[in-house]
Amino acid sequence: MMYPDADALLEALQEFLTLDLPPGDFRRFQHRVAGNVVATLRREWAQGDEAAAAERARLRDLLGQDRDVADLNGELVRRIRQGEIDWTSQTLLDHLDATLAAELAINNPKWIARK
Amino acid sequence: MQRPAPSTGSSPRPPTSSDADLGQRIARAFARRGDRGVLADFRRLSGGASKESIAVTLTGDDGARRGYVLRRAVAGHDDGFGLNPATEAGVLQAAGAAGAAVPGVAFVLDDQDGLGPGFVMHHVAGESLAPRIQRDEGFAAARDALPAQLGRALARIHRADIAHIADLPDQPIAAQVDHYRRALDDLGAVAPALELGMAWALAHRAPHARHTLVHGDFRLGNLMVDDRGLAAVLDWELAHRGDPMEDLGWLCIRSWRFGRPDLPVAGIGGREALFAAYEAESGLTVDRAAVHFWEVFGNVKWGAICLVQAGRHVGGQTRSVELAAIGRRTQEAAHDLMALLRR
């Protein structure tokens, strides 16, 4: 495909950010960070929708409410803080594990891979 | 209580137009105290959120160059976390008197200096960047020595006499949980795994066998290391009164192992060398369960700090891609805490 889609643009930006800067240039570190941010964006572009849908489905089952992900997470935090949910329950632990695994697969896949 | 931890790889910022005025004030601060040296150079170092560090070089009458670091609170950067600089200087001196390697305090700034609250300490040569300490050939001997040196340093810090330091806050676990809950709420941040970690912490409060000076951010990045090992313990602005085991647990969290997750003590060694040296120096037994407790809670803290850091970018206080990116690291700590609290 000739026409550059969003991922192709991000890829081009990622390549631009890996161009070498002179040693000692104060932008070197920032460019590396920015390159990692673009890599995160590309993974989120590919995986984000599916991860958010799965998280929302699990939260709906866990809390018995149907709202958006942010509201559901706010409700979960409230229940943990108020002691209205058993934080030792396997269902809750499994949900958080699955959510964190999906988020790390976007933000920093190496964190789990290198364990 | 806990300001965002400094990043570990920032480069110095380029000079700004107000720097000439700053240089004059720094030169005058030394001159007012009878120092006849001439200001040769000063440059801002990367640093914490609430304080700025400036490396200062003076040339003496004899032509010898002397290095200092000026630490000061920065207007607009004060996030309400961290000690005021005069208290920080007092804590440094108390730890030094107890035998811990720390930079000597040269003088505390006053109103007439026009530099804001701060103090000046002597420069300690060495390396603080974790990847270099962990990988460079020149630090091979240092790496062998460090786990035991860190244990001894902590034992000394924990016996420092702090009775006279009035402004040093007490930070039991309940106060820390309270603090981080409020910090996250203020940001509108929603972090269920961190909340679960806080619930766990309140249910498993570490028994408080001793009540001592706690450094509060004892890890690579805040330690000056030379080819023989630990040269100085830096960055005391998070010091407080509390359970000394907090420092050992924080040192061991995976985020502070940087590129070596397999080595639990700062990514350079094993826990037993740290504990054995601590016990030999203090004559006390390291409470392993309490260290584990603080390692779990250390992950809650770091996970929250990642979000607080990102909040400084999103909220507009400091626009920075680096701060924005740190927000995406919160799950690393959350993931680790979920694994640890089931152990």
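Modeller: Let's start with a definition: two strands pair if DSSP finds at least two bridges between them. Helices (H or I, at least four residues) and strands (E, at least two) are DSSP runs, numbered from the N terminus. In chain B, strand 7 (residues 223–226) and strand 8 (residues 229–233) pair antiparallel over four bridges. One of the bridges sets B:Val225 against B:Leu230 of strand 8 of chain B.

Colleague: Thanks! What should I know about the model and its labels before I go on?

Modeller: The model is predicted, so local features need pLDDT of at least 70 and side-chain atom pairs count only at pLDDT 80 or more, while totals for chains, interfaces and linings use all residues. Residues are numbered from 1 along each chain as its sequence is written, with chains lettered from A and ligands numbered from 1 in the order in which they are written.

Colleague: And what is the mean pLDDT of chain B?

Modeller: pLDDT is the predictor's confidence in each residue, from 0 to 100. For chain B the mean is 91, and 91% of its residues reach 70 or more. Residues 1–12 of chain B have a pLDDT below 50, and this stretch has 45 contacts in the model beyond near neighbours in sequence. Here two residues are in contact if their C-beta atoms, placed from the backbone, lie within 7 Å. For the model, the scores are ipTM 0.93 and pTM 0.90.

Colleague: Let's turn to the sheet. In what order do its five strands stand?

Modeller: Strands of a sheet pair through backbone hydrogen bonds, either parallel or antiparallel. In chain B, the five strands form an open sheet in the order 1-2-3-5-4, with antiparallel pairing. Strand 1 and strand 4 (105–108) of chain B are at the edges with a single partner strand each, so one side of each has no neighbour in the sheet. From one strand to the next, the twist averages 25 degrees.

Colleague: How many bridges join strand 2 of chain B to strand 3 of chain B?

Modeller: Nine bridges join strand 2 of chain B to strand 3 (residues 65–73) of chain B, and the two run antiparallel. Among the pairs, B:Glu52 stands opposite B:Arg72, and B:Leu58 has B:Arg66 as its bridge partner in strand 3 of chain B. In their hairpin, with five residues between the strands, B:Gly63 takes a positive phi near 85 degrees.

On one side, strand 2 (residues 51–59) of chain B pairs antiparallel with strand 1 (residues 38–45) of chain B over seven bridges. There B:Leu39 stands opposite B:Leu58, and B:Asp41 has B:Thr57 as its partner. Strand 3 of chain B also runs antiparallel to strand 5 (residues 118–122) of chain B, joined by five bridges, and B:Arg72 faces B:Gly118 there.

Colleague: Which strands does helix 1 of chain B lie across?

Modeller: Helix 1 (residues 19–32) of chain B lies across strand 1, strand 2 and strand 3 of chain B, at about 125 degrees to strand 1 of chain B. Axes are lines fitted to C-alpha atoms, for helices over the stretch in contact, and angles run from 0 to 180 degrees between N-to-C directions.

Colleague: How do I read a pair of helices, then? At what angle do helix 2 and helix 4 of chain A cross?

Modeller: Two packed helices are described by the angle between their axes and the distance between the axes. Helix 2 and helix 4 of chain A have axes that come within 8 Å and cross at roughly 170 degrees. That makes helix 2 of chain A and helix 4 of chain A roughly antiparallel (angles under 35 degrees count as roughly parallel, over 145 as roughly antiparallel, 65 to 115 as roughly perpendicular and the rest as oblique). The residues in contact include A:Ala51 and A:Arg58 of helix 2 of chain A, and A:His95 and A:Ala102 of helix 4 of chain A.

Colleague: How many residues does each chain give to the contact between the chains?

Modeller: Chain A gives 27 residues and chain B gives 24 residues. On the side of chain A that touches chain B, the largest share, eight residues, comes from helix 2 of chain A.
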